Amino acid sequence: MLFNSYEFLLFFLPATIAGYFFLNRFRAGNIWLVAASFFFYAWWRVEFLPLLFASVAVNFIVGRAVMRRAAMGLPTRTLLTAGIAFDLLLLGYFKYANFFAANVAPVFGIPAPVLDVILPIGISFFTFTQIAFLVDASHRKAAEPSVVNYALFVSYFPHLLAGPILHHREMMPQFADPTNKRVDWANVARGLTLLAIGLGKKVLIADEIAPVANAGYSALHILTFGDAWLTVICYTMQIYFDFSGYTDMALGMALMMNIRLPQNFDSPYRQRNLREFWRHWHMTLMRFLRDYVYIPLGGSRRGEAWTAFALVFTFALGGLWHGANWTFVLWGVVNGIGLVVVRWWSRAGIALPAIAAWAITFLFTNLAWVLFRAPDLATASGVFATLAGLHGFAGVAFPPTNYTLATLGIACVLAAMPRNSNRIVAEMTFGWPLQAATALLLAAGILSVGNPTEFLYFNF
């Protein structure tokens, strides 16, 4: 069930929110949300529902055992290792089995087996969420949750399929807070506005420019210099408005239930260096990688050479998390190297004019997205060659419609604005102009749904 579908917007979401507040009178609201979240997941492929059940159950049992042993001062390493191994084995089999088989088989001179493994949607997100919980449980940084609240923490439908990656410390208290069980019309209004903005980002902007990006990457043999740059810019805007649109919708619908999910984007394309970009893009993933990979590796505490290695390794792992393809790994490595360069540049004390710093950062980000979007390294290298003019400098051979170009222009302007969706909602004042604008945007989004397309991060 897609956020940008009629069945979700007109039936599932209103019924879930209404049922939640009604059943809170009988202290059953959280149970209702757990049931609704599992139903939401099963709508995609019901045969993967036992996988989600098993993941939640095993991590809850292991996490509780780890917490109790840690409280008694007993060793937790074995239990913790077993729990994390369980999570990584599930993720490894469903997400990376074909990838490793294809890369290992040639080493032994045998044909690569074709494994009929379907990627369960959202597995990367709920796996990382639970690994963080287990690690914190072993360090006595997690309070023992009830089984209902833990299941809700993992499966809560707004974040389940594509994030944000939740942290137990910021979510468990909210699920248990009795003041969150009553309707707060201010939160409903703010949440509905954020939902409308997110829906508009997806169906009015991202989906409109997506065909240009898709056409460029699927027709490399006829791609001109102008077409290549247009393709790259379109994807840069598509992935931002698609993913941040999903996040806005997730945060909005959660806020309507008085639950505040963590912010995931904060005007990343306005940033003037790569370090700041990654502090404002997919912020919850960056938090996870920082706290559970980079810092345990030693971070910046072991000298410049080790810091450089830790950055590149962390981002390579982040790239692999996105997908089982060498393009993702190389994308992560390139970003890690970029962060090392930024770190050294900053330490050298060399300052660039603000516009030059922004232009370099934005150009680097655009080019890095080529590796992220390309289906394979050969396609990526072909796009880079065309971008560099190695096949000539012809202009746009297949111009998009004026409407699509106008949408791309609006996307570029919106991405550069300092007041993003989260700030608009945080600073909004109530009154009929805002209500009218929200209603118009929501109506435009719903009317533009048509045949809903998946959000890009459903593939990760």
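Biologist: What makes you say that H4 bends at Tyr-96?

Modeller: The angle there is about 70°. A bend at a residue is the angle between two fitted axes, one through the seven residues ending there and one through the seven starting there. This is a predicted model, where local features need pLDDT of at least 70, side-chain atom pairs count only at pLDDT 80 or more, and totals for chains, interfaces and linings use all residues. Numbering runs from 1 along each chain as its sequence is written, and side-chain values use heavy atoms, with hydrogens and water left out.

Biologist: Which residues of H4 are called buried, and what do they pack against?

Modeller: Among them are Leu-80, Ile-84, Leu-91, Phe-94 and Tyr-96. Buried means under 20% relative accessible area, exposed over 50%, and partly exposed in between (1.4 Å probe, protein chains only). The buried residues pack against helices H3 (49-71), H5 (123-138), H13 (304-322) and H14 (326-348), with contact meaning heavy atoms within 4.5 Å.

Biologist: Why is Arg-27 called exposed?

Modeller: Its relative accessibility is 82%, so Arg-27 counts as exposed. Arg-27 sits in the loop between H1 (6-23) and H2 (29-44), and has a positive phi of about 60° although it is not a glycine. Most residues other than glycine have a negative phi.

Biologist: And why does Arg-140 count as exposed?

Modeller: At 59% relative accessibility, Arg-140 gets that label too. Arg-140 is in the loop between H5 and H6 (147-155), also with a positive phi of about 60°.

Biologist: What makes the peptide bond from Gly-163 to Pro-164 cis?

Modeller: Its omega is near 5°. Pro-164 lies in the loop between H7 (157-160) and H8 (168-176).

Biologist: How much space lies in the largest pocket, and which element gives the most to its lining?

Modeller: The largest pocket holds about 600 Å³. Of the 23 residues lining this pocket, those closest to its centre include Ile-131, Phe-288 and Tyr-292. H4 gives the most to the lining, with seven residues.

Key. Helix = DSSP H or I, 4+ residues; strand = E, 2+ residues; numbered from the N terminus. 1 Å grid on protein atoms, 1.4 Å probe; cavity = no way out; pocket = protein on both sides within 12 Å on 5 of 7 lines; lining within 4 Å. Points joined across faces, edges and corners; volume = space filled by probe spheres on them.
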